[in-house]
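Please examine the complex shown here, chain by chain. A series of questions and answers accompanies it.

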Amino acid sequence: MKELNVPALARVEGDGGITVTLDGKKVKSVTLDVHEGPRLIEQLVRGMKPEDDVNVVPRICAICTLSHKFAAIRGMEKALDITPPEKADLTRELMMLGENIESNSLHTMLLALPDFLGYPSAVAMLNDYTDDVKRALKLKKFGNHIMEVTSGRIVHGENPIIGGFGKYPGKKALEEIKAKSHEMIPDAARVVELFASLEIPKYADVDSDKVFMSVSAPKKKFHLYGDEILVSNGKDFPADDYKKFTNERVVPHSFAKRSKYNDKTFMVGANARLINMGKRLDGHAADLFKEHFDKRWLRNPLYNNLAQAIEIVWAMESLPDACDKVASMDDPPTEQPMRKTGSGTGAVEAPRGTLYHHYELKDGLVDVADIITPTAQNLDDIEMHMKLAAERMLAEGKKDDEVRLGLEMIARAYDPCISCATHLVTLKRF
Amino acid sequence: MHKLRHAPGDPEEVLKAALEGVAGPGPVYVLGLGYADKADDGAGVLVAETLKKPFPNHSFSEHDGVEGTVLDISEKEGPATVFFVDATDIRDAPGTIMVVPREGIKETEISTHRVPVALMASILGREGKGTAVVCVQVKSLEFRGGLSPEVSTAVELLVRVFGDIMGRRDE
């Protein structure tokens, strides 16, 4: 028996590794091992007031901080029977666009791209791709700026609150974002151009179409939140039924929970969003999706990088209208709870996929909290693709280093956030 | 490459001379890194936030966005030097300061949450800007722990020394 290890998976967030166990030339198993310690957040917030919970739970992640904030607020507002003002909804959409630009530009250009171009890292790319590396940082900076304007800070902003916003962004700041977004559309389009020009390795292709899940955004729009969940097999479910289609379970080699739908792995993320809602896109993003989408997207997770790139264009094109709408409205008062006991599920699309926050409140305090992150939903799918790819690459006589890189590229394509996915404690009693 | 080690109690002038020696022509910028809620990890941020009051255009912290700040500085005309100030574990006495010039900044992997200083330094270097990392040896990383006395002294020292260097270049 031989083991082929990637002890520390680089260019992802958190502490994880890949173990491939070989029996002769046969791949016995491939595991994405999550070593990151458990966070205990769901237990930590029990007994808290809703307004405290929504300040604590975004600390799960410093990059998807606004997705966690938004999912928690949505879950809490349902539990408290609050309908947020329209201006709050629109400002939340705006902040999610900023987070999407920030995260997708970092992942595509600085984390995923070096593998495809044959560089060990973005630092090594700098000499040959100076403008592109700087472009990635400019896009990230702009995304951060939108997050700061809407939420109050670059990381862990506290402006979004249950029932509205502490302070709405001012007209001058919105005008600046609008102007800058026009200016940066070519930068976003360049990211698509780069990823569309790459040859996507076939070793990760599965033989039949995979299952992809995402929210269905309201009003048949393409956006990053919704109360319905779309499955690429044509089915849809209310987000409140998330347990039925995520089916969480534990595995011995990982601190993160796992999910399967109808006993099959599934994928969430940018490609799932485009596969399920791509027809709702408009503008240049729609043209790019039509031009670059093909059936291999349904079989190979490496296309998630290109999907993220197209989303950057979508987000950039969505900003002017979003800014205009927010700027045109007066600041509404914060909506107050209609009840103290109830339950609610908030589903949003974090950059790396669907994120659920479910709360049950009793007499105004958190009784139950359940958070299911995108990475936890993707882990089984990552392992399935890595096993298939390892078998193919070894059968083709690839060297160990090539197999390692191939498997890392697959894991990285999911843009996994291992820190977010670890909230499980296995207690063994002897 | 010559790293400078400044132990607690060493003469202030030695540190000042070393930083002056690393800084090339043009303005000096301080960019403080770290997490202020984790005791000594916030040393870099505290240095930068304190210097921001007298030097709002030359001192920045993690709160201002690291990549954006670096891009802005890289686009300014003329030479300049950026000092990244960060709490680190250099296996030395708490409060010890180490100045690591550009050529000693090791490349670390980029992660979803972190763009390495090496990439920032490379971008600045391509635009003719010098860089160095100023490391402060931590004692405690306890959450909400507050600065240790040793690191607090190092922070005050760095504020004085950088304040003096930046003040003279600002004149």
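Predicted model: local features only at pLDDT ≥ 70, side-chain atom pairs only at ≥ 80, totals over all residues.

Me: What ipTM does the predictor give the complex, and what is the mean pLDDT of chain B?
Reply: pLDDT is the predictor's confidence in each residue, from 0 to 100. In chain B, 93% of the residues reach 70 or more, and the mean is 88. For the complex, the predictor gives a pTM of 0.88 and an ipTM of 0.77.

Me: What is the radius of gyration of chain A?
Reply: Chain A has 14 helices and 11 strands; these are DSSP runs numbered from the N terminus, helices being H or I with at least four residues and strands E with at least two. The radius of gyration is taken over C-alpha atoms, and the globule rule is 2.2 Å times the number of residues to the power 0.38. For 430 residues that rule gives 22 Å, and chain A comes close to it, so it is as compact as a globular protein of that length, with a radius of gyration of 21 Å.

Me: What percentage of the residues in chain A is buried?
Reply: A residue is buried if 20 or more other C-beta atoms lie within 10 Å of its own, exposed if 12 or fewer, and partly exposed in between, with C-beta atoms placed from the backbone. The C-alpha trace of chain A spans about 65 × 60 × 40 Å along its principal axes. Of the 430 residues in this chain, the buried ones make up 54%.

Me: Is helix H4 of chain A largely enclosed or exposed, and at which residue does the helix bend?
Reply: H4(A), residues 86-117, reaches 45 Å from its first C-alpha to its last, close to the 46 Å expected, where the expected span is 1.5 Å times one less than the number of residues. Because 27 of its 32 residues are buried, H4(A) is largely enclosed by the rest of the structure. The bend at a residue is the angle between axes fitted to the seven residues ending there and the seven starting there. In H4(A) this angle is about 30 degrees, at His107(A).

Me: Why do the buried residues of H10(A) line one face of the helix, and which exposed residues does the face turned away from them carry?
Reply: The buried residues of H10(A), residues 283-292, are Ala285(A), Leu288(A) and Phe289(A). They fall within an arc of 100 degrees seen down the helix axis, so they line one face; the arc is that of the directions from the helix axis to the C-beta atoms. The face turned away from this buried side carries the exposed residues Lys290(A) and Glu291(A).

Me: With which residues is Leu224(A) in contact, leaving aside its neighbours within four places in sequence?
Reply: Leu224(A) has its place in the loop between strand E6 (213-216) and strand E7 (228-231) of chain A. With 27 C-beta neighbours inside 10 Å, Leu224(A) counts as buried. Two residues are in contact if their C-beta atoms, placed from the backbone, lie within 7 Å. Beyond those sequence neighbours, the contacts of Leu224(A) are Met96(A), Asn100(A), Val348(A) and Glu349(A).

Me: What is the phi of Asp415(A)?
Reply: Asp415(A) is found in the loop between helix H13 (400-413) and helix H14 (418-421) of chain A. Asp415(A) is buried, with 30 other C-beta atoms within 10 Å. Although Asp415(A) is not a glycine, its phi is positive, about 55 degrees.

Me: In what order do the elements of chain B run from the N terminus?
Reply: Chain B comprises 5 helices and 6 strands. From the N terminus on, the order is β-α-β-α-β-α-β-β-α-β-α.

Me: Is Arg160(B) buried or partly exposed?
Reply: Arg160(B) has its place in helix H5 (residues 149-170) of chain B. Around Arg160(B) there are 14 other C-beta atoms within 10 Å, and the residue is partly exposed.

How values were computed: Residues numbered from 1 in each chain as written. Chains lettered and ligands numbered in written order.
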